[in-house]
Amino acid sequence: NAQSSPPEKVLVVFYCSRSLVSLEHFFLERRLNLLPASFSLRMVSALTIAAVVLSGLSTLFAVIVLGVVSDKAKETIFSQDICVYHKDPRDTAACDFGIAMGAIGFIFGLGFLALALLDLLKPDLLPSAVQSVVKLARIIGAGGLAFLFLVCFAVMVHNWSDAHRDAYSDATKNGANGGIAFSFFSILSWGGLGVLYIIALRSGGSSGASSAAATSAPA
């Protein structure tokens, strides 16, 4: 038994290394042969991947703003709507603005996420002229949403600083602070998306990746 153990170990190491090589060849063949060249290039494109991530984060932040403001910051007591952000709780402007921005941010976030995934998976689907118009629309949309979330953040902070915080429970105060915090995060995510699409528009974006894919594809 003692004499036969070294060959057995050698065989185990040999078969393990052979399996690893086979797996490496499988994934390499899948990447090079089964996937389009443009897709593999887009997968390594930092701008496109960052746009997908920021679109997903923007959608998530909008859901959180919508949830915490509608559930914690705005309540109905004795058939009367109150908003904890205001010094006079009967004034619900800040809560209504936060809920509206959460809903709008969620809808636009899903749209931006779908377009970013489309850029990643099908970069050649739209003509280059249409892509330029879409990128310009994205810049305007992302910049507009960043500005609206900035206004929402400022309204919430201004009113919350004058509100009677001691009159509310810790859960209510945490919800109000969460709405403010994720409104601020939404400013960063939407602003980052606008900057990314400005860079993509100046550099040529997916049309440049498509031409690079065409030149790098084998004849």
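Predicted model: local features only at pLDDT ≥ 70, side-chain atom pairs only at ≥ 80, totals over all residues.
Reader: Why is the pair Phe61 and Phe185 called tilted?

Author: Start with the count, which comes to eight aromatic pairs. In the pair Phe61 and Phe185, the ring centres are 5.8 Å apart and the planes stand at 45 degrees. Centres within 6.5 Å make a pair. Planes under 30 degrees apart would be stacked, and over 60 would be edge-to-face.

Reader: Why is the pair Phe182 and Phe185 called edge-to-face?

Author: Their ring centres are 5.3 Å apart, and their planes are at 90 degrees. The cut-off for edge-to-face is over 60 degrees. Phe182 and Phe185 are three residues apart in helix H6, about one helical turn. Ring pairs also link Phe61, Phe153, Phe182, Phe184 and Phe185 into a cluster.

Reader: How do you know whether Phe61, Phe182 and Phe185 are buried or partly exposed?

Author: Buried means under 20% relative accessible area, and exposed means over 50%. Phe61 has 13%, so Phe61 is buried. Phe182 has 23% and Phe185 has 32%. Both values fall in between, so both residues are partly exposed.

Reader: How do you know that Ser183 is buried?

Author: Ser183 is found in helix H6. Its relative accessible area is 0%. That is under 20%, so Ser183 is buried. Leaving out residues up to four places away in sequence, Ser183 touches Val65, Phe149, Cys152, Phe153 and Met156.

Reader: Which residues have the most contacts inside the largest nonpolar core?

Author: They are Val69, Tyr85, Trp160, Trp190, Leu193 and Tyr197, in a core of 31 residues. H3, helix H4 (93-121), helix H5 (128-162) and H6 each supply at least two of its residues. H5 gives the largest share, eight residues. Tyr197 also has contacts beyond its neighbours within four places in sequence, among them Ala51, Ser55, Phe112 and Ile139.

Reader: How is the packing of H4 and H6 described?

Author: Two packed helices are described by the angle between their axes and the distance between the axes. For H4 and H6 the angle is about 35 degrees, and the axes are 13 Å apart. Their crossing is left-handed. H4 brings Gly105, Phe108, Gly109, Phe112 and Ala116 to the contact. H6 brings Trp190, Leu193 and Tyr197.

Reader: Why is Gln131 called buried?

Author: Gln131 is found in helix H5. Its relative accessibility is 8%. The value is under 20%, so Gln131 counts as buried. Gln131 and Leu201 are 70 residues apart in sequence, yet 9.1 Å apart in space, C-alpha to C-alpha.

Definitions and conventions:
Residues numbered from 1 in each chain as written. Heavy atoms only, no water. Phe/Tyr/Trp six-rings, centres within 6.5 Å; stacked < 30°, edge-to-face > 60°. Buried < 20%, exposed > 50% of the residue type's maximum accessible area, 1.4 Å probe, protein only. Helix = DSSP H or I, 4+ residues; strand = E, 2+ residues; numbered from the N terminus. Core = buried A, V, L, I, M, F, W, Y, C linked by side-chain atoms within 4.5 Å. Contact = heavy atoms within 4.5 Å. Axes fitted to C-alpha atoms, helices over the stretch in contact; angles between N-to-C directions. Left-handed = near helix turned anticlockwise from the far one by under 90°.
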